[in-house]
Amino acid sequence: MSSASFPYRILVVEDDPALREVARHMLESKGYEVLGAEDGFQGLAALKRSLPDVIISDLRMPNMNGFEFLSVVRRRFPSIPVIVISGEFTGLTVPESVLADAFFPKGQYKPQDLFAKIEDFLCELPTRPKVGKPQKAAVWVKNSNEAVVVTCTDCLRTFPVTSPPKGVNEVECDFCSCTIRFEIVGALLSPLDTSRIS
Ligand SMILES: [Zn+2]
């Protein structure tokens, strides 16, 4: 699974510290190096420091939720396999609205199934198609009428955009001047309205 000198690295993005630690222990016991992040912003900060081989992410998190985080990851790092573990959906197939390669329902999967999936992805890594950036705009969920904080899908830096309208917006990154396309979708409701996130 991992060579003695270079363990595979897995980034776990999960806001519940207890669950994050459980995941860390579980994965470390299998010889993986584990990076933890408590929301999407921390996840992006971790990606700026070092790239993991696999990302495991929750969806419902404060600050930057998993939909936003994964839409940035898919555009910026399309070759990193992503596993979503979430209570938002049931079943074992990847919900269409989730930008992930595999999905496990929170608390309802066997750890050995997760390990097997990680192994699959690690075996495929060298042959994983070098997909180009998807054309879809990164998704941002608007929780209020105030400014949203968007993340540049190129340099990963964040900045506020005041009252962007729903739908696809284009802004120039304050830092690297590249054009960022992002889509504003409705507020996070309960149950999560993902009908427009695809
Ligand atoms: Zn930028």
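1. Four donors count as tetrahedral if all angles lie between 85 and 135 degrees. The zinc ion in this predicted model has four donor atoms with angles of 104 to 119° among them, so its site is tetrahedral under that definition. Donors are N, O and S atoms within 2.8 Å of the metal (3.2 Å for Na, K and Ca), and water is not among the atoms, so sites may look incomplete.

2. The protein donors are the SG atoms of Cys152, Cys155, Cys173 and Cys176, lying 2.3 Å from the zinc ion. Along the chain they follow the spacing C-x2-C-x17-C-x2-C. Cys152 lies in the loop between strand E7 (148-151) and strand E8 (158-161), and Cys176 in the loop between strand E9 (167-172) and strand E10 (179-185), so the pair ties together parts 24 residues apart in sequence.

3. Cys176, at 31%, is partly exposed, that is, between buried and exposed, the latter being over 50%.

4. Arg20 is in helix H1 (residues 17-28). Arg20 is buried yet has no salt bridge (a side-chain nitrogen of Lys or Arg within 4 Å of a carboxyl oxygen of Asp or Glu). The nearest side chain of opposite charge, Glu38, is 4.2 Å away.

5. The protein has four helices and 10 strands, taken as DSSP runs of at least four residues (H or I) and at least two (E) respectively. Of its 198 residues, 47% count as buried.

6. Residues are numbered from 1 along each chain as its sequence is written. Local features need pLDDT of at least 70 and side-chain atom pairs 80 or more, while totals for chains, interfaces and linings use all residues; side-chain values use heavy atoms, without hydrogens and water.

How values were computed. Tetrahedral: all angles 85-135°; square planar, octahedral: opposite > 155°, others 65-115°. Buried < 20%, exposed > 50% of the residue type's maximum accessible area, 1.4 Å probe, protein only. Lys, Arg positive; Asp, Glu negative; His and termini not counted.
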